[in-house]
Amino acid sequence: MANDPVLTFTDKGIFCPAGGFYIDPWRPVDMALITHGHSDHARGGHNRYLATEAAMPVMRHRLGAIRGETLRFGDVRRIGGANVSFHPAGHLPGSAQIRVEVGGEVWVVSGDYKTEPDGLCEPFEPVRCHAFISECTFGLPVFNWTPQPEVMAQVNEWWAANAAAGRTSILGAYSLGKSQRILANVNPDIGPILTHGAVEATNRVLRGQGLSLPDTVWAGPDITAKTHPGALVIAPPSALNTPWAGRFTGASQAFASGWMAMRGVRRRRGLSQGFVLSDHADWAGLNWAIRATGAERVFVTHGYTQVFRRWLADQGYDAGIVETEYEGDEGETEDDIEVVE
């Protein structure tokens, strides 16, 4: 009788029969191994959680008094008949790929990942395996990221020009990960840095676990363009072109996202500027990461799965698609981040 596969795909999420656990499940389960704290991967309602030491604080902030344990990168834990370890994914602080070994066969679930070091989170580390379950949010050749130093130079130039003209600069960036990446790499000498409540709440959690960020000021009701002239305001994308943003009269608004590489996205959002900066791997990064695993079987999920699967099959991989409820970069929401009052 053939052995069960190391991982199977169910209506609750990715399941390990030998260990009795799920990875990033989207429906309540007994034991959930979580790759990172974004809301499409770390959901409430599970009985037990296991994540990295750096991912757990923001998960507790978002989900409340969960029953959670942590594991350091590279440490191995035996769960039932499976050996499990977490390895850096480079997506945001504490984000992990999850390696599962059963009977000498190794499968790896990537979670969300990027391959370019960002000066903020643990850099991506390829993990050798027989089967790799990879996201492909940006799995098209058109997605080819400009190196981060060049993008951050563009951000600094935009902010400095606005400040010289007496305008506030409002930059849309996801509250967990992207905002802190920008803060860690922007030039704070240009002017004051203000933050939306959702961003500042996340900053407090990450600062509390030792993350170094420049000084920021919560953009509460009394903060305006007059109180902090020439400021850079970091806010979730959902705050752009809203009454909240409107109190910074005459502000220039921009969005930092991989989707800014798509023609027309900036125009449809009514933005003066767009910066192509993603916390996910681009086309070259996806292909490099998959080759580096040495895997012969590759499953792709959330993103341009049909196109990317066909490409991988043409390259000689045993390639398949996993239907999941992960939403990727554009789908990350801010609604479940507690704001600073």
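**Exercise 1. Find where Gln 148 sits, work out whether it is buried or exposed, and list what it touches.**

*Step 1.* Start with the secondary structure: Gln 148 is part of helix α2. Helices here are DSSP runs of H or I with at least four residues, strands are runs of E with at least two, and both are numbered from the N terminus.

Before going on, a word on the model: it is a predicted one, where local features need pLDDT of at least 70, side-chain atom pairs count only at pLDDT 80 or more, and totals for chains, interfaces and linings use all residues. Residues are numbered from 1 along each chain as its sequence is written, and side-chain values use heavy atoms, with hydrogens and water left out.

*Step 2.* Check the accessibility. Gln 148 has a relative accessible area of 6%, so it is buried. The cut-offs are under 20% for buried, over 50% for exposed and partly exposed in between, with a 1.4 Å probe and protein chains only.

*Step 3.* Look for partners. The side chain of Gln 148 comes to 3.1 Å from the backbone oxygen of Asp 118. Leaving out residues up to four places away in sequence, Gln 148 touches Glu 116, Pro 117, Asp 118, Arg 181, Asn 185 and Leu 277. Contact means heavy atoms within 4.5 Å.

**Exercise 2. Take Arg 181 and find which side chain it meets in a polar contact.**

*Step 1.* Arg 181 belongs to helix α3, and with 1% relative accessibility it counts as buried.

*Step 2.* Its side chain and that of Asp 279 are joined by a polar contact of 2.6 Å. Such a contact is a pair of N or O atoms within 3.5 Å; within protein, one must be able to donate a hydrogen and the other to accept it, and residues adjacent in sequence count only if both atoms are side-chain atoms.

*Step 3.* Beyond four places in sequence, the residues that Arg 181 touches include Gln 148, Asp 118, Leu 277 and Asp 279.

**Exercise 3. Work out the strand order of the open sheet that has β14 and β17 at its edges.**

*Step 1.* The 6 strands go β14-β13-β15-β12-β16-β17, with parallel pairing. Two strands pair if DSSP finds at least two bridges between them.

*Step 2.* Now the edges: β14 (217-218) and β17 each have a single partner strand, so one side of each has no neighbour in the sheet.

*Step 3.* Walk through some of the pairs. Strands β12 and β15 are joined by 4 bridges, and Ile 170 faces Val 233 in β15. Another 4 bridges link β12 (residues 169-172) to β16, where Ser 169 is opposite Ser 252. Between β16 and β17 (residues 273-275) there are 3 bridges, and Phe 255 is opposite Gly 274.

**Exercise 4. Find where in the chain pLDDT stays under 50.**

*Step 1.* pLDDT is the predictor's confidence in each residue, from 0 to 100. The chain's mean is 92, and 94% of its residues reach 70 or more.

*Step 2.* The stretch you want is residues 330-341, for which the model has 33 contacts beyond four places in sequence.
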